[in-house]
Amino acid sequence: MTTLPKPRQPDLKTSLPGPKTAAIMARDALHLSTSYMRPYPFVPDHGEGVWLTDVDGNTMLDFFAGIAVSTTGHAHPHVVKAVQEQITKFTHVCLTDYPQEITTSLAERMVRHVEKPGEKWRVFFGNSGAEAVEAAVKLARNHTGRSHIISTIGSFHGRTYGAITLTGSKTKYKRGFGPLLPNVSHVPYPNPFRPPLGSTPETCGQAVLDHIEGLFQTVIPADEVAAIIIEPMQGEGGYIVPPADFLPGLRALCDRHGIMLIFDEVQAGMGRTGKMYSFQHSDVQPDIITVAKGIASGMPISAMLARESVMTWPVGSHGSTYGGNPVAAAAAHATLDLLEGVVKHPGCGDSLMHNAAQVGEFIMAELKGMQTEFPFLGDVRGAGMFIGLEFVKPDGSPDGKLRDAASMAMFERGLLNLDCGEAVIRISPPLILTREEAATGLEIMRDALRALK
Ligand SMILES: Cc1ncc(COP(=O)(O)O)c(C=O)c1O
């Protein structure tokens, strides 16, 4: 009889936090910015695949990937090799002034995932999601000659001045920082689980579109609107998937009024939902796309992609000293190799994108199954490995306290996870997660939820 290998389990050598972790956290508390949050006592030392080991030797299963960043897991040999090879050639020259083959070919590769016949796209490289968002908004204003930007409630677009102005998820990101960017308005996001504007799960998309048209009649002249920026699947706001008719309706609305449609794919993009970009679950084509996080497995690089007909800003009008630096670009190439399946990751089928779809479907089905045992799991939603788990009180209202307790109970059992929205745990593991590893994580979640009951 053959015995199956035992699936790997978290290995907690000390109770959390261990002594080295506690000591580093104490030093961290003395010298790092008071703005940093420290929700979980964990100080990483090294990682391998979907596993992260802390400075005390505790090995945890990573179900959040540094907020949807570590697409290929930790220290993926293909990414490490690409970075090592590039860093020994040159680290920096400045892409704003000198072309570099590694970024030229990265742009060529990235536009292939969005171009349609007869349509060309161009890429601007930055270092972070917020920079990509700033670039998108600057381009939209520059191209249209209009100033107003519409964003959504619940959105997150980053921490720079433009980006916090656009952000609509929590007031703490704005309190005490004003004045912010003028001419920015927020409209509800069509959340089928909590439909806004007195709508239903089926009608919430149309209700938001009608609301925007209403604003154009009463508050904001449509011909002064440069862009609508939206996450095609909302991340920080609660891992929300809008109804299928919404993005096509939004595209039509933008076309009617000559407004640029910006899709912020910083969190949901780069294969996480099982497609390269989350908007590609629809037939809609935006004018501008922002990408960061999962693009380079943790190396800092971001991209703002725009249709060639839109990228009309003049020479010298925008740039970045480090943006598109060659070492990060090498990591992005290696990440794309794995996402596209040019390089195969053992146990992950054709490609990591494919794996995200398949294993994500398994996780989603299992979590939906858990809703019977745990009635406080009000909603399980998402696509691929972009999954939100919303905790509710018996009256259906969000239960943030229970979510916090669940999140900590999972952490204490060896599962790294992260909250979002008012009462949601986001499940955004590395896309190399196998079905067996997913099952291990789900078992930890089940155990933690039983302890809560
Ligand atoms: C959708 C979205 N846009 C932009 C950002 C900002 O990215 P960064 O923190 O890299 O500036 C984030 C970060 O969470 C995000 O989720």
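Predicted model: local features only at pLDDT ≥ 70, side-chain atom pairs only at ≥ 80, totals over all residues.
Me: Which elements give two or more residues to the side of domain 1 that touches domain 2?

Reply: Helix H10 (352–373) does, together with strands E11 (377–383), E12 (386–391) and E15 (424–427). E11 has the largest share, with five residues.

Me: What makes up that side of domain 1 by class?

Reply: There are 17 nonpolar, ten polar and five charged residues.

Me: Why is the pair Arg426 and Glu236 called a salt bridge?

Reply: The cut-off is 4 Å between a side-chain nitrogen of Lys or Arg and a carboxyl oxygen of Asp or Glu. The closest N and O atoms of Arg426 and Glu236 are 3.2 Å apart, so the pair qualifies. The count between the two domains is two salt bridges.

Me: How do you know that domain 1 and domain 2 touch?

Reply: Contact needs heavy atoms within 4.5 Å. By that test, 32 residues of domain 1 are in contact with 26 residues of domain 2, so the two domains do touch.

Me: How much area do they bury, and which residues of domain 1 lose the most?

Reply: Between them they bury about 2,100 Å², 61% of it on carbon and sulfur atoms. On the domain 1 side, Met353, Phe386 and Arg426 lose the most, together 34% of what that side buries.

Notes:
Residues numbered from 1 in each chain as written. Heavy atoms only, no water. Buried area = accessible area lost by both parts, 1.4 Å probe. Helix = DSSP H or I, 4+ residues; strand = E, 2+ residues; numbered from the N terminus. Nonpolar A, V, L, I, M, F, W, Y, C, P; charged D, E, K, R; others polar.
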